[in-house]
Amino acid sequence: MLEFIDCASLSMRELTVAATADLLDHKPRRRGAITAIGVDTVTLEDLTVTCGTARGNERTCVTVSGTQRDGKPVPVSFVRIVDCAFTCGFGQDGVLVTDAIDSVIEGNRLRVSPLPERFTLEELAADPRRH
């Protein structure tokens, strides 16, 4: 997983990022194979990104969110995610953008991986984090 925190900007083009291991334990935040927190300007173009499955709704291919400074929310100024290919673990999300003033998300392709054998639909449906 690639994580960028409190940077002025992030620009990624024509890369492949894979965080395919399935998560069996609960994680406190929704992290992505690529995560940008408090990065003022995010541009992602023509990427191939994969994330694995988790018991709860905990994984994304890409997570972009604002941050807190001195107890006050600080939003992201601009997010652009275009022409990317996302393969999500079963029951997970392709792109999660929160606290953005302006965003452009277009021309992306989304595919969902099959349920891994180590998980059952009954087990996932019973998990309280999915309700």
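**Cysteines**

I began with a search of the whole structure for disulfides, taken as pairs of cysteine sulfur atoms within 2.5 Å, and the search returned zero. Cysteine 7 is in no disulfide, and the nearest cysteine sulfur, which belongs to cysteine 84, is 18 Å away. Cysteine 51 is in no disulfide either, with the sulfur of cysteine 61 as its nearest, 4.0 Å away. For accessibility I used relative accessible area, where buried is under 20%, exposed is over 50% and partly exposed is in between, with a 1.4 Å probe and protein chains only. On that scale cysteine 7 is partly exposed at 29%, whereas cysteine 51 is buried at 2%.

**Notes on the model**

I note that this is a predicted model, in which local features need pLDDT of at least 70 and side-chain atom pairs count only at pLDDT 80 or more, while totals for chains, interfaces and linings use all residues. Residues are numbered from 1 along each chain as its sequence is written, and side-chain values use heavy atoms, with hydrogens and water left out.

Counting contact as heavy atoms within 4.5 Å, and leaving aside neighbours within four places in sequence, I found valine 42 in contact with Leu10, Ala36, Val64, Phe78, Val79 and Arg80.

**Valine 82**

I then turned to valine 82, which lies in strand 10 and is buried, with a relative accessible area of 4%. Beyond four places in sequence, valine 82 touches Leu44, Glu45, Asp46, Val104, Glu106 and Asn108.

I traced an open sheet of four strands in the order 3-6-11-14, with parallel pairing, where two strands pair if DSSP finds at least two bridges between them. Strand 3 and strand 14 (109–112) are the edge strands, each pairing on one side only. Strand 11 and strand 14 run parallel and are joined by four bridges, and phenylalanine 86 has leucine 110 in strand 14 as its bridge partner.

**Two threonines**

Which threonine did I find in the loop between strand 6 and strand 7? It is threonine 53, and this residue is buried at 2% relative accessibility. For polar contacts I took pairs of N or O atoms within 3.5 Å; within protein, one must be able to donate a hydrogen and the other to accept it, and residues adjacent in sequence count only if both atoms are side-chain atoms. The side chain of threonine 53 reaches the backbone nitrogen of phenylalanine 90 at 2.9 Å.

Threonine 60, by contrast in location, lies in strand 7 and is buried at 0%. A polar atom of the threonine 60 side chain lies 3.3 Å from the backbone oxygen of valine 62. Leaving out residues up to four places away in sequence, I listed the residues that threonine 60 touches, including Arg30, Gly32, Cys51, Asp93 and Leu96.
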